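Thanks for coming. I will go through one structure, starting with charged pairs and ending with a surface patch.

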Amino acid sequence: PIGGLTPAQFGTKYQVKAEVSVNQLIFDGQYIVGLKASRAVKDLSLSMRNTSEINIKANVAKLYLQVLVLAETQDLLGKNLEELNTNIKEMQAMVNEGVADAIDLDRLTLTKQRVSNQIENIMNAHALMRLLLKLQMGYPVEDPIGLSDKLDEHMGEAEKLLDMEAVAANRPEYKTLLVNRELQHLNVQRWQAGYLPQLAGFFTYSQNAYVNQFKLNDGSNWFPTTVTGFSMSVPIFDGLSKAAKIQQAKLDVERADINIHRFEQAVTMQVERAQNAYNLAKSEYEAEKANYSLASRIYERSKTMYHEGMGSSFEMTSALTDLYTAQTALLQASYKLISTQINLQKALGQYN
């Protein structure tokens, strides 16, 4: 009207909206490469786990062998101590009868003390090695553990391994290197896929209500809306960032190829070195085995000659000391032979 303003309201007092939206990625090159990479990472984890299991098994086996060596050394020293006690009793009787000198008894007594000290040291070393074995195995250190095997039970024939050729593909580490190279290739593809467009689809459905009174049960006040479509994102220029990253990724691929080639050469050298070490350990074992047999015969002969009055106590004591040395050397040679066999199996990829 003339001379004033009249207020007017447009629209309703209340507006209510219910909406459902769905977005779907249709194409993304980097996402596709990422899916391939996830499978490769899983293979890489399995390969690394296999390598770790083999290394742990080999370490446990060597510790186990050391425990057996110490246990058998302790048993041998115990038997030697019994032999010494018998000799000392016989020598004491001969000294009492005046057919032997007291210095002969003193020599045997001194040898007995040395053997007793060795037994004590071996017992301490044995207990410590058993503790290390439990720790390596993940075995509760407070629980007892019994080892019933003998060292010679683990001495298998490895001659067939000497004729095998070095094949890098048999090693679990080689699988790890191959998967790593695959990941580097996928990294190149990832950055290359950054030049491709991204395509996504979307769908939206909504219901809108316009009312002056808050009553939503009146269906005549609801109005539906549906929107569907596609969106595309096209990269145009990134300041040559992707090109630099692609070049870096290609260098990583070349580095992975070099690592594979180096590993193949290293496997050849490792197998040859392991085979030579086994041959040397085999020769040492055979030599120490012959030395032990010879030392046993010398001791028995020296002991017989002494009791018959044809030899000296010094010769018998020296022969007994040589026998102890030969026994210990034979055990160490046995351990070395089995250890080199384990190393040879690992180098050939035959240890599991």
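Which residue forms a salt bridge with Lys 303, and how many Å apart are the closest N and O atoms? The partner is Glu 83, and the closest N and O atoms are 2.8 Å apart. By salt bridge I mean a side-chain nitrogen of Lys or Arg within 4 Å of a carboxyl oxygen of Asp or Glu. This pair links distant parts of the chain, 220 residues apart: Lys 303 is in helix H5, residues 241–307, and Glu 83 is in helix H1. Helices (H or I, at least four residues) and strands (E, at least two) are DSSP runs, numbered from the N terminus.

Some notes on the source. This is a predicted model, in which local features need pLDDT of at least 70 and side-chain atom pairs count only at pLDDT 80 or more, while totals for chains, interfaces and linings use all residues. Residues are numbered from 1 along each chain as its sequence is written, and side-chain values use heavy atoms, with hydrogens and water left out.

Back to the pair. Lys 303 counts as buried because its relative accessibility is 16%, whereas Glu 83, at 25%, counts as partly exposed. The cut-offs are under 20% relative accessible area for buried, over 50% for exposed, and partly exposed in between, with a 1.4 Å probe and protein chains only. The areas themselves come from the Shrake-Rupley method with that 1.4 Å probe; for residues, only the protein chains shown count as cover.

Asn 87 is buried, at 3% relative accessible area. Leaving aside neighbours within four places in sequence, Asn 87 is in contact (heavy atoms within 4.5 Å) with Leu 108, Tyr 299, Lys 303 and Leu 320.

The search of the whole structure finds eight salt bridges. Another one joins Lys 336 and Glu 284, with the closest N and O atoms 3.0 Å apart. Lys 336 lies in helix H6, residues 313–348, and Glu 284 in helix H5, so this pair ties together parts that are 52 residues apart in sequence. Lys 336 is partly exposed at 35%, and Glu 284 is partly exposed at 29%. Lys 17 and Glu 19 also meet through their side chains in a salt bridge, at 3.2 Å, N to O. Here Lys 17 counts as exposed, at 53%, and Glu 19 as partly exposed, at 44%.

Next, helix H2. Its 36 residues, 102–137, should span 52 Å at 1.5 Å a residue, and the end C-alpha atoms are 52 Å apart, which agrees. The expected span is 1.5 Å times one less than the number of residues. Which elements do the buried residues of H2 pack against? They pack against H1, H5 and H6. Among those buried residues are Leu 108, Thr 111, Val 115, Ile 119 and Ile 122. An α-helix has 3.6 residues a turn, so residues three or four places apart point the same way. Just after H2, Gly 138 takes a positive phi of about 75°.

Last, the surface. A nonpolar patch of about 770 Å² includes Leu 25, Ile 26, Phe 27 and Phe 230. Strand E1 (14–27) and helix H1 (29–96) each give two or more residues to the patch. Patch residues have over 30% relative accessible area and no salt bridge; like charges are joined within 9 Å, and nonpolar side chains (Val, Leu, Ile, Met, Phe, Trp, Tyr) within 5 Å. Leu 25, in strand E1, is partly exposed at 38%. Ile 26 is partly exposed at 44%. Ile 26 and Ala 200 are 174 residues apart in sequence but 4.9 Å apart in space, C-alpha to C-alpha.
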